[in-house]
Amino acid sequence: MKSAQLLIFVFLQLYTGVASFAQPNWVDKSNGVNGGEVSSLALNGANLYAGTNGGGIFLLADGTTQWARLSNGFDSGNAAFVYAIGVNGANVFVGTGNGVYFSTNGGNLWSKANINNSDSDIRSILISGSTIY
């Protein structure tokens, strides 16, 4: 009987220890993101980028508490649907409902990439060295 109680005690200690360890500590950083649900995130150092479904792309810069919308150079309409974000230093690439846009200055000014199927939905981006997929 004592061995069964000991086994249950050990199981409960391990179970509750693992369960409490696995709990994430969420921090609300949604102040200022508007215009749709967040569909993509990218972290570059301490800067956090958020792509939205219909609201464009936002930046929570290091040391700030308010999101800033980065829309200079974005077309209206489908480009506001940001499905994917890839970051490599100051270069930011976003897959939108209207092709790929890129910025060479952290998102302050955007240009549309001149690639095949440039008006297609781009749902994912991967950067490996100097190659973008």
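Student: In which sense do β2 and strand β3 pair, and over how many bridges?

Tutor: Strands of a sheet pair through backbone hydrogen bonds, either parallel or antiparallel. In this predicted model, β2 and β3 (residues 57–60) are antiparallel, with 4 bridges. Take Y49 as an example: its bridge partner in β3 is L59.

Student: Which residue takes a positive phi in the hairpin of β2 and β3?

Tutor: Look at G54, with phi near 110 degrees. This hairpin has 4 residues between the strands.

Student: How do β1 and β2 pair?

Tutor: Strand β1 covers residues 38–44, and strand β2 covers residues 47–52. They pair in the antiparallel sense over 6 bridges. V38 stands opposite T52 of β2. Their hairpin has 2 residues between the strands, and there G45 takes a positive phi near 65 degrees.

Student: What is the strand order in the open sheet of 4 strands?

Tutor: Read it as β5-β6-β7-β8, with antiparallel pairing.

Student: Which strands stand at the edges of that sheet?

Tutor: β5 (82–88) and β8 (111–112) do. Each has a single partner strand, so one side of each lacks a neighbour in the sheet.

Student: How many bridges join β6 to β7?

Tutor: There are 5, between β6 (residues 91–96) and β7 (residues 99–103). The two strands run antiparallel. To locate the pairing on screen, find F93: it stands opposite F102 in β7.

Note on methods
Residues are numbered from 1 along each chain as its sequence is written. This is a predicted model: local features need pLDDT of at least 70, side-chain atom pairs count only at pLDDT 80 or more; totals for chains, interfaces and linings use all residues. Side-chain values use heavy atoms; hydrogens and water are left out. Two strands pair if DSSP finds at least two bridges between them.
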